[in-house]
Amino acid sequence: MDIQDIIKEENKVYCKPELIDDVHMHYCPGCSHGVVHKLLAEVIAEMGIADRTVGVSPVGCAVFAYNYVDVDWVEAAHGRAPAVATAVSRLWQDNVVFTYQGDGDMAAIGTAESIHAANRGENIVMIFVNNAIYGMTGGQMAPTTLIGQKTATTPYGRRVDLNGHPLEITNLMAILDGTCYVTRQAVHTPAAVRKTKACIKKAFENAIAKKGTSVVEIVSTCNSGWKMSPVESNEWMAQHMFEKYPLGDLKNI
Amino acid sequence: MKEEVRLMKGNEAVAHAAILYGCDGYFGYPITPQSEVLETLEALMPWETTGMVVLQAESEVAAINMVYGGAATGKAVMTSSSSPGISLKQEGISYIAGSELPALILNVMRGGPGLGTIQPSQADYFQATKGGGHGDYHLIVLSPASVQEMVDFVALGFDLSFKYRTPAMILADGIVGQMMEKVVLPPQRPRRTDEEIRQQCPWAITGKKGDRKRNVITSLELESSRMEVINQRLQATYREIEKNETRWEEINVEGADYLMVAFGSIARICTKAMEIAEEKGIKVGIVRPITLWPFPKEAVEKAAQGKKGILCVELNAGQMIEDVRLAVHDRLPVEHYGRLGGIIPSPQEIVDALEAKLVAESK
């Protein structure tokens, strides 16, 4: 059989989401960001809201998110995405606004903005990619780095006496009256990917229904920063990260 | 119809002026001596009338980033603060300038450095006119000397910032913010509709409708050759602003032997000093820069011709004097007189300084 006989519309089982551009991604092979971008693009397209969705990209590895997903974007200063999203959402109430934040953005430099936007119950979606490391700047400690985990700034492993404890910011988000939906997911298996997609969709539905702030944490891998292969990273994540950051809904009202 | 004259504080007047301009959003955080701006807006509840959004943010940092977000959508948005709070906003202001967005920022200056004092000062001149945040950029800096100008400069600041897609700052001192004066408010302008904003601001992130490509608001460009082009575009805008928007006021400059250069409320104290000097036979004129950036250097140079000396009167240790010296190329004596830490000089003190620093020297 010739290959051209196989490449036919009726044989198609998978395709690139229509909102993902034909450009080279800067993310490392094996990184979770690519999957999360794909899910975002699929959800926005399936809900038919691309013409009224605005993304707020962070500082960190996802700083260039605006190069890949075909909606309007504004690039925020480090940690300020929730403040930026607050104004975008309040000034254009028919538009659907989401932030895309890493662990440094959400739980270190942007803790105040993240907590307060959620506490005000801004009608926004916060996508939180927690890979327990600062990937963009070369693998330094994140607020979510595990005890004992080696990074460029904790070369002998994170120590409580020197570096304090890993911050479970999503748990904090769940106790705020302004949040309507807080969940922690991952994208390391096909089943987890499908589950996360459903969660992202629910978060966008909440924003449209003006129910308050939805937070979707995605426990993620950074195989370059962790200095592991993509497969080893997934295994290490399941073994170590899920213990500190267990998957599942923390709040759903 | 006869104009209605109202009596109000400079800070209150700014709140009224913002609503009447058709401002879409105000984001602020309380700090003395400008908290009346947010308080007045909350009391007037413009969201019930014009639809303007008013929000007390969790910090000055959050407030300026809300302004950045609102400006990115093409809306007319503003914030206000006082010196320590304006320092916190500098990162955001740099991003707004770097992303070529319109926005209005009010600084009601108090004495510094650090937490300083809540009394009036003009010590943020360098910060406002030379950059303040990181990178090569300028703000359009307007200096009000009256409550009426606090009102007028809200509209002027917004208009200029949209015309050039660059942030504008009203650099007021605590006196102008706190004092009550007669003021005439402008008529209510309607806020622009979303459709008008989509047409007037095709660059804005309003939702990617129809066939247009997606809009991205960012100040990031890692490719140096492209970043240089962006910087050159910013500089070209600044040259246009210098050419078209320099503003100043002259009082009794013709025939005077000496010149006083002063901005904001101190320029008004200088007018009284000018009268006292006149009675003593000392003829003094005043140049009051209205735009501090662009600085009216040609006007100062022209006014200085034939004069025996210039006294720069500022509520700081000598900041604007550097621009005055550059303007006149040190061809004549340029002296500074200022009080620090929130103290306001009397007209007599200014005359004494003029006599001691310039008149006695030239005899």
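**Exercise 1.** How many nonpolar, polar and charged residues does the lining of the largest pocket have?

*Solution.* The model is predicted, with local features requiring pLDDT of at least 70 and side-chain atom pairs counting only at pLDDT 80 or more, whereas totals for chains, interfaces and linings use all residues. Residues are numbered from 1 along each chain as its sequence is written, chains are lettered from A and ligands numbered from 1 in the order in which they are written, and side-chain values use heavy atoms, with hydrogens and water left out.

Step 1. A pocket is an open set of points on a 1 Å grid over the protein atoms alone, where a 1.4 Å probe fits and protein lies on both sides within 12 Å along at least five of seven lines; lining residues have an atom within 4 Å of a point. Grid points are joined across faces, edges and corners, and a volume is the space filled by probe spheres set on the points.

Step 2. The volume of the largest pocket is about 740 Å³. Its lining comprises 38 residues, and the closest to the centre are Val59(A), Val63(A), Glu75(A), Tyr95(B) and Leu220(B).

Step 3. Ala, Val, Leu, Ile, Met, Phe, Trp, Tyr, Cys and Pro count as nonpolar, Asp, Glu, Lys and Arg as charged, and the others, Gly among them, as polar. The lining accordingly holds 18 nonpolar, 16 polar and four charged residues.

Step 4. Helices (H or I, at least four residues) and strands (E, at least two) are DSSP runs, numbered from the N terminus. At least two lining residues each come from strand 3 (96–102), helix 4 (103–107) and strand 5 (133–134) of chain A, and from helix 5 (90–98) and helix 10 (224–244) of chain B.

**Exercise 2.** Which element gives the most to the lining of the second largest pocket?

*Solution.* Step 1. The second largest pocket contains about 310 Å³ of space. Among its 16 lining residues, Glu100(B), Val216(B), Thr218(B), Ile230(B) and Arg233(B) are the closest to the centre.

Step 1. Strand 9 (216–217) and helix 10 of chain B are the elements giving two or more residues to this lining. Helix 10 of chain B gives the most, with five residues.

Step 2. By class, the lining of the second largest pocket has seven nonpolar, four polar and five charged residues.

**Exercise 3.** Are helix 3 and helix 5 of chain B roughly parallel or roughly antiparallel to each other?

*Solution.* Step 1. Axes are lines fitted to C-alpha atoms, for helices over the stretch in contact, and angles run from 0 to 180 degrees between N-to-C directions. The axes of helix 3 (residues 60–72) and helix 5 of chain B come within 8 Å and cross at roughly 15°.

Step 1. Angles under 35 degrees count as roughly parallel, over 145 as roughly antiparallel, 65 to 115 as roughly perpendicular and the rest as oblique. Helix 3 of chain B and helix 5 of chain B are therefore roughly parallel.

Step 2. Their crossing is left-handed (the near helix is turned anticlockwise from the far one by less than a right angle; clockwise is right-handed).

Step 3. Contact means heavy atoms within 4.5 Å. Helix 3 of chain B contributes Ile64(B), Val67(B) and Tyr68(B), and helix 5 of chain B contributes Gly92(B), Ile93(B), Tyr95(B) and Ile96(B). Six of these residues are nonpolar, one is polar and none is charged.

**Exercise 4.** At what angle do helix 11 and helix 14 of chain B pack, and which handedness does the crossing have?

*Solution.* Step 1. Helix 11 (residues 265–279) and helix 14 (residues 347–362) of chain B pack at about 60°, with axes 8 Å apart. This angle makes helix 11 of chain B oblique to helix 14 of chain B.

Step 1. Helix 11 of chain B passes helix 14 of chain B in a right-handed crossing. Their contact residues comprise nine nonpolar, one polar and one charged.

**Exercise 5.** Where are the cis peptide bonds from Thr32(B) to Pro33(B) and from Trp293(B) to Pro294(B)?

*Solution.* Step 1. The bond from Thr32(B) to Pro33(B) has omega near 10°, and Pro33(B) is in the loop between strand 2 (25–28) and helix 2 (36–44) of chain B.

Step 1. The bond from Trp293(B) to Pro294(B) has omega near 0°, and Pro294(B) is in the loop between strand 13 (291–293) and helix 12 (297–304) of chain B.
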